[in-house]
Amino acid sequence: MTARTLAPDTDADAQLKRILGSEPSPSFSVVAGAGSGKTTSLVKALAHVAAVKGDVLSAKGQQIACITYTEVAAEEIFQEVGSNPLVHVSTIHSFLWRIISPFQADIGGWVQRHLQRKIDELAEAGASGDPRRASRAGAAKEKRAHQLAGSRSIRSWTYGVGGDYGRGIVGHSDILSMVPEMLLSRPLLSRIVAAKFPFIFVDESQDTEPRVLEALLHVRRTQPDRICLGFFGDPMQRIHFGGISDIPAERGWEIVKKPENFRSSLKVLSVVNHIRAGADGLHQVSGLPEEAQRHGEVFFFVLPADSERTTTLKRVRTWLDSHSASGNWTLDPPAGAKILLIMHKLAARRLGFENLYAAFHQRGAGSISEAFDEGNAWPLTPLINSILPLCRGASSDVPAVVVRRHGTALSDEALRSVSVHTALSAAKEAVHALRRAAQQGGPGSMGEVLRIAHEAELVTLDPRLAGFLDSRDDNDIALPEATKSVLEALMACDVGELDGYVSYINRASPYSTQHGTKGAEFPRVVVVLDDNEESWSLYSYEKLLGLRPLSITDRTNRAEGRDSVIERTRRLLYVCASRARDSLAIVLYTADVPEATQALERAGYPSADQVFTLEDIGS
């Protein structure tokens, strides 16, 4: 038993036990607001099924599947259920691969059809009449043709972050396309999934890919009495544009609401509820015993949107040190306050990795941009996990263990062809060259350290990155033009920018965004509302507050029930404000301070009856 499984049941937990104890168990959705203990309810549900139906599941060789968003979350949940082998916890990619991996011939057939579609698209692009476009398309088409030829001889497919079809590797994006497609088109596969996993629970369901959701619902529709789907999430905390807002209503589906909040003080919770009231109306109540509830603090500031933002924000934090009862606001977390910004670019500007940010956020970059924001972009993985540790050693030290773990320069195979002394000397020279390049830094140093590490085999790179760095004509890695553009921009960056980026994604800096604080909480939070530092078309606090009129597109989206700037911004503000445990400060930068002050008061935000301005916080 763990702390989560021993926690007292809420009404939602009791309802889930009733649902999961039924025969057959109906599918369900849990709508749990911020700080509600959603993960606790998920763990308790998993443990309950294992306890009540474990013998039957074991006898049939079945498992309870739990799909989570990250490997870290998967490991945490698995430990919370006591590492019970009845419970299979994994990311969506790993879960889908487990479903499809036994069907190697089907994987090969899908890869070949996928490659043929790409070849046909490139042939069409090559016939466009644009010589430059035709040349690029022709080169890419030739590589795809080589991959297609090579894939026909592959008999054993494996799964990696990036696809390398000539070597029998399918990637993340392939999994998200291939497996849902097969589940929708192969009735036998749906039956196999239901037979192996009669219970499938999905964590953070609001960020589920629509095609994955469609495939899971298809399995449930075709096997209604053999599978129970459980979705645990909160539409107000959807942070990915590819996610879903609500699970579509299905016949026999049960909705479980969990309104408790075990995180925030009463004053913070009142603001969180006010923000949410304009959406689905779920009203949260403190889940803490009355004697444990905290009154808390909320402060509103309206400041001029001028070039002194960084300075005035420091003044706000200094003022709060003197006027807040909850602790220090000027130190970095965990002792101080967390500062939440509208977008990662603003944090990148303040922490010195703006060029690195720009490299990954070019037009058309797509999923690689999202991976950068979440700290798991494949081009950066070797830099952060392997190259930085090599660069940080003492000048006379050659970390052979690191080289053996991450590269092939000192592998057993390499040491069979050269002496240990020769291999160590070469590795030492390469490591010293790597450290000199990193220490010198400057534009282009990111590419230089990558090339040194790659050519000396100090690290083993993702095939896509290795293919980009390797200029040999026999390289069959075909990268989309947008990905090539990202890699070219990455090579031109200063390797020194990695320090600020690593600090940011590890939450060691005071700055973050809604994406970087998913599931996190902090004693003191400063939320910065600023439309004017950058031009955002997706978010606008001033439109949410009525300080700027809605565009025609905004009005059309709202009228037709589509996601609009108002809904996106409301979710952004909800996620940010709900990170605060004790105290919350909302800082609005605007061109018209008096009008914005009145707008906050008109909007009825709790505690906005006293709004502080530049004159109040002093010099």
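This is a predicted model: local features need pLDDT of at least 70, side-chain atom pairs count only at pLDDT 80 or more; totals for chains, interfaces and linings use all residues.
## Strand β14 and its partners

Strand β14 and strand β15 (residues 580-590) run parallel, joined by 8 bridges. Two strands count as paired if DSSP finds at least two bridges between them, and the strands and helices themselves are DSSP runs numbered from the N terminus (helices are H or I with at least four residues, strands are E with at least two).

Residues are numbered from 1 along each chain as its sequence is written, and side-chain values use heavy atoms, with hydrogens and water left out.

Is β14 enclosed or open? Because 9 of its 9 residues are buried, β14 is largely enclosed by the rest of the structure. Buried here means under 20% relative accessible area, exposed means over 50%, and partly exposed is in between (1.4 Å probe, protein chains only).

Take Val528, which lies in this strand (residues 522-530). Val528 has a relative accessibility of 6%, so it counts as buried. Skipping neighbours within four places in sequence, Val528 is in contact (heavy atoms within 4.5 Å) with residues including Leu313, Ile339, Leu340, Tyr541, Val587 and Tyr589. For a charge to sit over a ring, NZ of Lys or CZ of Arg has to be within 6 Å of the ring centre and within 35 degrees of the ring normal. Elsewhere, Arg464 lies over the face of Trp378, at 3.9 Å from the ring centre.

## The nonpolar cores

A nonpolar core is a set of buried Ala, Val, Leu, Ile, Met, Phe, Trp, Tyr and Cys residues joined through side-chain atoms within 4.5 Å. The largest one has 109 residues, and Leu584 is among those with the most contacts inside it, along with Phe301, Leu356, Phe360, Leu380 and Tyr605. Helix α26 (residues 565-577) supplies the largest share of this core, 8 residues. Leaving aside neighbours within four places in sequence, Leu584 touches Val525 and Val527, and its other contacts include Val268, Phe299, Trp329 and Ala577. Apart from this core lies another, of 41 residues, among them Val111, Leu148, Leu176 and Val219.

## Rings meeting rings

How many aromatic pairs does the structure hold? There are 18. Rings of Phe, Tyr and Trp (its six-membered ring) pair if their centres lie within 6.5 Å; planes under 30 degrees apart count as stacked, over 60 as edge-to-face and the rest as tilted. Phe28 and Phe201 make an edge-to-face pair, 5.7 Å centre to centre with 65 degrees between the planes. This pair links distant parts of the chain: Phe28 is in strand β1 (residues 28-32) and Phe201 in strand β6 (residues 199-203), 173 residues apart. Both Phe28 and Phe201 are buried.

Phe299 and Trp319 are edge-to-face because their planes stand at 85 degrees, with the ring centres 6.0 Å apart. Since Phe299 lies in strand β11 (residues 297-304) and Trp319 in helix α12 (residues 309-323), the pair ties together parts 20 residues apart in sequence. Finally, Phe353, Tyr357, Phe360, Phe372, Tyr501 and Tyr504 form one aromatic cluster.
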